[in-house]
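Open the model in a viewer and keep the selection panel at hand. The stops below go from the whole chain to single residues.

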Amino acid sequence: MVSQPKSVVFDIGGGREVTIGTGKLARQADGAVTVQQGNCILLATVVANKDPKEGQEFFPLSVDYQEKFASAGRIPGSFFKREARLNDYEVLTSRLIDRALRPLFPEDYFCDVQVLISLVSSDKEVMPDALACLAASAALAVSDIPIKEIISEVRIARVEGKLIVNPMRSELEKADMEFIIAATDKNLMMVEGEAKECSEEDLVKALELAHDAIRVQIKAQEELRQQVGIKTKRDYKKPEQNEALQEKVNAFAKDKIYQISKAGSSKHERSDAYDKLKEELIASLGEEATDAEKKMAKKYYADLQWEVVRNMILDDRIRLDGRSLDKVRPLAMEVDPLPTPHGSALFTRGETQSLTTVTLGTPLDELLVESAAKSDYTKFILHYNFPPFSTGEVKMMRGPGRREVGHGNLAMRSLKQMMPGNDYPYTVRVVSDILESNGSSSMATVCAGSLALMDAGVPLPKHVSGVAMGLITRASDGKNAILTDILGDEDHLGDMDFKVTGTREGICGVQMDIKVDGLSMSTMREALEQARKGRLHILDAMYQCMPEARSDVKPHAPRMVKLFIDKEFIGAVIGPQGKIIQEIQRETGATINLEEVGNFGEVSIFSPAKEGLDKAVAWIKGIVAMPEVGTVYEGTVKGIKEFGAFVEFLPGKQGLLHISEISWKRLENMDGVLKEGDRVKVKLIGVDERTGKFKLSRKVLMPKPDAKPSNQAPQQ
């Protein structure tokens with residue numbers, strides 16, 4: 001029997017209604033819902049395998065968000081005319097949902113779970129990514145898949161000083177602060193966003209408002225689940241346990257793990273010591289131990305290592321590399337390490353290193369960022385590469401994965417806050433190659449990127465730095481430890497890891513993943529303040545290395561000038577079938593891009609050599625210049641006639657130099673007087689009122705010969 005569709009409607013503020021419905025579409029999925037606001041409709045489905053794969057040791061969750069082009073009445077621009085692999089925007093949205101959903105599942109749940117969210121109807125004003133996590137959570141809520149809690153996610157933006165929940169697209173364009181925040185009814189789960197130098201307190205206010213809005217959405221999901229009928233969550237096969245073996249592992253390895261952990265050794269020394277101890281542990285089990293017992297012992301060993309290191313940090317207030325909790329690792333940085341790129345920097349923080357380059361390009365190099373609802377071009381591009389040798393590993397190179405896209409996006413959003421406005425003529429591409437990694441290479445990318453941009457002569461008014469933070473808590477005694485500049489090993493064992501970027505004046509970017517229940521806002525404020533101090537410490541070192549941006553681009557960097565011309569001259573610059581603009585490019589070696597902007601033509605002239613740039617600029621200025629009577633020009637003879645010569649005195653503008661205006665001496669004909677290609681100085685002496693033709697004179701620029709004496713009778 002087919003169940004009847006159910007739905008719940010709630011208000012997200014300002015009379016904007018959101019409807020969550022289930023029971024109508026995709027009924028064979030374990031859970032399926034639609035979420036609608038205005039004309040924006042998302043379909044979310046979730047399916048989970050009943051049993052885990054044999055030997056599965058991790059939770060295989062996959063989340064894919066995709067926008068169907070038909071949702072906006074568009075056909076994809078690809079050769080195949082169908083949706084291809086997820087673009088960066090879809091990958092980033094998928095990551096936001098994944099990071100929020102993953103902690104909802106039991107730690108011993110290893111069945112494959114697939115969450116698919118599709119935009120099936122688009123609204124020009126509604127941002128679908130702010131509703132995607134709500135849709136995914138609601139699909140889980142109405143299913144029998146075991147989840148611990150219901151969550152939701154909202155966008156908070158500050159527009160003209162006012163914080164708005166899920167702003168419309170037009171409002172978002174005017175925002176100076178934007179964060180996407182996920183939470184359960186009690187706890188914040190995930191934060192990501194950007195701001196134009198907001199304060200830490202501004203961020204906390206945004207988090208509090210977001211949490212209130214999320215609670216409304218969670219209540220709506222609970223209502224929908226009640227309408228459907230609360231399903232008993234399915235049972236699942238749990239990993240086998242062996243308490244006796246666990247006690248044996250703890251007795252053998254606990255003290256030894258502690259000794260290795262507090263030694264303050266380097267990453268590879270520490271890793272080698274842990275691996276050696278694990279081998280000794282397995283050997284201690286004896287030859288009678290089965291493969292299954294050895295595998296289980298390795299898991300207990302990893303769990304013990306996690307527990308020992310956490311307790312060491314909480315009780316002894318020391319870390320794996322011997323640092324105090326709030327200390328940043330040693331910094332080393334230099335600009336211009338590479339001779340050919342337009343800008344470059346090498347930034348090293350402890351065992352993390354980024355080599356970053358900047359390339360200056362033309363408007364033709366702009367990146368098309370396409371989604372179902374709209375297509376935009378961006379002039380600022382940042383790519384982040386994480387090769388396997390950076391962690392001493394061997395892996396297949398298969399292009400950037402979701403992690404690389406996410407880390408690069410965080411760095412891009414942070415640096416973008418200090419980039420010059422749209423009138424800056426260059427397209428700028430930043431590439432961060434991570435050469436070494438042990439803790440937050442994305443923050444190293446921000447620092448190296450800021451230095452490299454200033455090295456390239458991009459007029460950044462301030463440096464932007466970033467620092468990765470960690471938090472470890474213990475519920476039994478309420479102890480917590482906030483860690484500045486976390487190591488890779490500290491990243492996975494903490495209860496919260498968060499990255500904060502910014503200038504001396506405020507925050508530019510944030511990325512947080514929170515795994516602890518009941519995180520208080522006072523602890524959040526304390527963590528943000530410690531992050532601010534770490535950020536300022538790194539900024540001080542960056543300013544010592546590169547106090548300000550270069551006043552000009554490097555000699556080998558391309559030059560660019562932007563001109564604005566009257567709309568009526570666009571055709572004159574382009575010429576018939578593009579002949580004029582092609583000739584300018586051919587003769588000067590410059591690249592010229594011309595666009596109509598309102599009542600003006602925007603001309604961007606790009607050249608690898610200053611000489612070619614100056615020549616192209618002069619040429620175009622000549623075309624658009626209005627000839628003035630009485631002005632002297634240097635022109636080129638373009639044609640000879642019996643009555644005079646036609647002279648091009650400005651690009652595309654010719655006038656007649658009549659035979660009578662060539663010289664004070666009377667000329668019978670043009671033979672041997674001038675030839676095509678001669679350069680002559682002429683003066684514009686008039687414009688024919690009837691034809692608009694220009695009249696030129698050469699003789700007025702020559703000294704007039706003295707008049708001959710007249711034949712007068714001698715005086716008496």
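A contact here means heavy atoms within 4.5 Å. With that cut-off, residues 24 or more positions apart account for 70% of the contacts in the chain with a separation of 6 or more. The model is a predicted one.

**Whole chain**

Select the chain and colour it by secondary structure: there are 14 helices and 29 strands. The radius of gyration is 35 Å, well over the 27 Å that the globule rule gives for 716 residues, so the chain is more spread out than a compact globule. Along the principal axes, the C-alpha trace spans about 150 × 65 × 45 Å. Now switch to a surface. The chain exposes about 35100 Å², and 50% of that area is supplied by carbon and sulfur atoms. Of the 716 residues, 51% count as buried.

**The cavity**

How many cavities of 30 Å³ or more does a search of the whole structure find? The search finds 1. The space in the largest cavity is about 30 Å³. To display its lining, select Gln 37, Val 126, Met 127, Ala 130, Asn 166, Pro 167 and Met 168. By class, this lining has 5 nonpolar residues, 2 polar ones and no charged ones.

**Leu 304**

Next select residues 291–316, which form helix α7, and pick out Leu 304 within that helix. Is Leu 304 buried or exposed? Its relative accessibility is 3%, and the cut-off for buried is under 20%, so Leu 304 counts as buried. Leaving aside residues up to four places away in sequence, Leu 304 touches Val 249, Asn 250, Ala 253, Lys 254 and Ile 257. For one of these, Lys 254, draw a C-alpha to C-alpha distance to Leu 304: the value is 6.9 Å, across 50 residues along the chain.

Most residues other than glycine have a negative phi. The last two stops are exceptions.

Go to the loop between β2 (17–22) and β3 (31–37) and select Ala 26. Ala 26 is not a glycine, yet its phi is positive, at about 50°. With a relative accessible area of 36%, Ala 26 is partly exposed.

Then move to the loop between β17 (427–436) and α9 (441–455), where Ser 440 lies. Phi of Ser 440 is also positive, near 45°. Ser 440 has a relative accessible area of 12% and is buried.

Key: Residues are numbered from 1 along each chain as its sequence is written. This is a predicted model: local features need pLDDT of at least 70, side-chain atom pairs count only at pLDDT 80 or more; totals for chains, interfaces and linings use all residues. Side-chain values use heavy atoms; hydrogens and water are left out. On a 1 Å grid over the protein atoms alone, a cavity is a set of points where a 1.4 Å probe fits but cannot get out, and a pocket is an open set with protein on both sides within 12 Å along at least five of seven lines; lining residues have an atom within 4 Å of a point. Grid points are joined across faces, edges and corners, and a volume is the space filled by probe spheres set on the points. Ala, Val, Leu, Ile, Met, Phe, Trp, Tyr, Cys and Pro count as nonpolar, Asp, Glu, Lys and Arg as charged, and the others, Gly among them, as polar. Helices (H or I, at least four residues) and strands (E, at least two) are DSSP runs, numbered from the N terminus. The radius of gyration is taken over C-alpha atoms; the globule rule is 2.2 Å times the number of residues to the power 0.38. Buried means under 20% relative accessible area, exposed over 50%, partly exposed in between (1.4 Å probe, protein chains only). Accessible areas come from the Shrake-Rupley method with a 1.4 Å probe; for residues, only the protein chains shown count as cover.
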